[in-house]
Amino acid sequence: MRIQLALDRLNKRRCFQLVEATKEYVDWIEIGTGVIKEYGMEIIREMKEHYPEKVLVADMKTCDAGEHEAKQAFEAGADITTVMAFSANQTITAMLQEARASEKQLMVDLLGVSDQKRIEELAQLGVEWMSLHFGKDMQQQGEGLTEAAFSAMKGLSGVSVAVAGGIAEETLPRIMLHKPETVIVGSAITKAEHPGVVARRMKEVIEDYEVHH
Ligand SMILES: O=C(CO)[C@H](O)[C@H](O)COP(=O)(O)O
């Protein structure tokens, strides 16, 4: 299990400070959608230049014009770009083709999509990464990702799972039970008084779980 640090609702300077403070404990770096809207592809380029060893996720949340947006993200240095699960199959297929041509990857964001048929259809299209996502605004009310959401992912062959949405030190143990390949953590680290300390503790919790399971 790896940690993907999600950089959302932050200015560029703070994004770089947070990566510097947590880089020993996080595996992947995500430039959040709002940060991309603010700074464009430039921040993807700069982050990759500073941290070439890190897998860089551009959370483009594409929903149309897939080929163009995948090219944009990959050419800027992203290793993974994201697309919304409700997008047309043509969008997803075009992005998968771009990803394969550049030897990069596509992650499908399941925000708002829980239909088993759609999830299976995505797998059949050749999607290799899906993220179960409990949205920021939904986090104001509700208990987070349900067992049903995790169940929908069971039995899909060739699909790696990421989980996102309000994951914190307290909720991490419940998430780990489902053994996702990637745990996406934003605010719990980026809004912490000591981001490096929280990232280290979360990494330790994961490592400890992996030793014992
Ligand atoms: O994609 C996102 C928001 O759309 C975030 O990256 C994801 O939800 C993780 O952030 P947080 O831990 O703060 O919820």
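Ile 3 has Val 183 as its bridge partner in strand 8. In this predicted model, strand 1, residues 2-7, pairs with strand 8 in the parallel sense, over 4 bridges. Leu 5 stands opposite Val 185, which also belongs to strand 8. On the other pairing of strand 8, Val 183 stands opposite Val 163, and strand 7, residues 160-164, joins strand 8 in parallel over 3 bridges.

**The barrel**

These pairings form part of a barrel closed by 8 strands, in the order 1-2-3-4-5-6-7-8 and with parallel pairing. From one strand to the next, the twist averages 25°. Strands of a sheet pair through backbone hydrogen bonds, in a parallel or an antiparallel sense.

| Strands paired | Sense | Bridges | Residues opposite each other |
|---|---|---|---|
| Strand 1 and strand 8 | parallel | 4 | Leu 5 and Val 185 |
| Strand 3 and strand 4 | parallel | 3 | Val 57 and Ile 80 |
| Strand 7 and strand 8 | parallel | 3 | Val 163 and Val 183 |

Strand 8 is covered on both faces: Thr 182 and Ile 184 are buried on one side, and Val 183 and Val 185 are buried on the other. Strand 4 is mostly covered, with 4 of its 5 residues buried.

**Helix 4 and its neighbours**

Helix 4 lies across strand 3 (55-62) and strand 4 (80-84), and runs at about 155° to strand 3. Helix 4 also meets helix 5. The axes of helix 4 (residues 66-76) and helix 5 (residues 89-101) come within 8 Å and cross at roughly 35°, and this crossing is right-handed. Helix 4 contributes Gly 66, Glu 67, Ala 70, Lys 71 and Phe 74 to the contact, while helix 5 contributes Thr 91, Ile 92, Ala 94, Met 95, Glu 98 and Ala 99. By class, the residues of this contact divide into 6 nonpolar, 2 polar and 3 charged.

**The ligand shell**

Which residues are the closest to the ligand? Among the 16 residues that surround the ligand, the closest are Ala 6, Ala 164, Gly 166, Gly 186 and Ser 187. The elements that give two or more residues to this shell are strand 8 (182-185) and helix 9 (187-190). The shell holds 6 nonpolar, 6 polar and 4 charged residues.

Methods: Residues are numbered from 1 along each chain as its sequence is written. This is a predicted model: local features need pLDDT of at least 70, side-chain atom pairs count only at pLDDT 80 or more; totals for chains, interfaces and linings use all residues. A residue is near a molecule or strand if its C-beta atom, placed from the backbone, lies within 6 Å of it. Ala, Val, Leu, Ile, Met, Phe, Trp, Tyr, Cys and Pro count as nonpolar, Asp, Glu, Lys and Arg as charged, and the others, Gly among them, as polar. Axes are lines fitted to C-alpha atoms, for helices over the stretch in contact, and angles run from 0 to 180 degrees between N-to-C directions. A crossing is left-handed if the near helix is turned anticlockwise from the far one by less than a right angle, and right-handed if clockwise. Two residues are in contact if their C-beta atoms, placed from the backbone, lie within 7 Å. Two strands pair if DSSP finds at least two bridges between them. A residue is buried if 20 or more other C-beta atoms lie within 10 Å of its own, exposed if 12 or fewer, and partly exposed in between; C-beta atoms are placed from the backbone.
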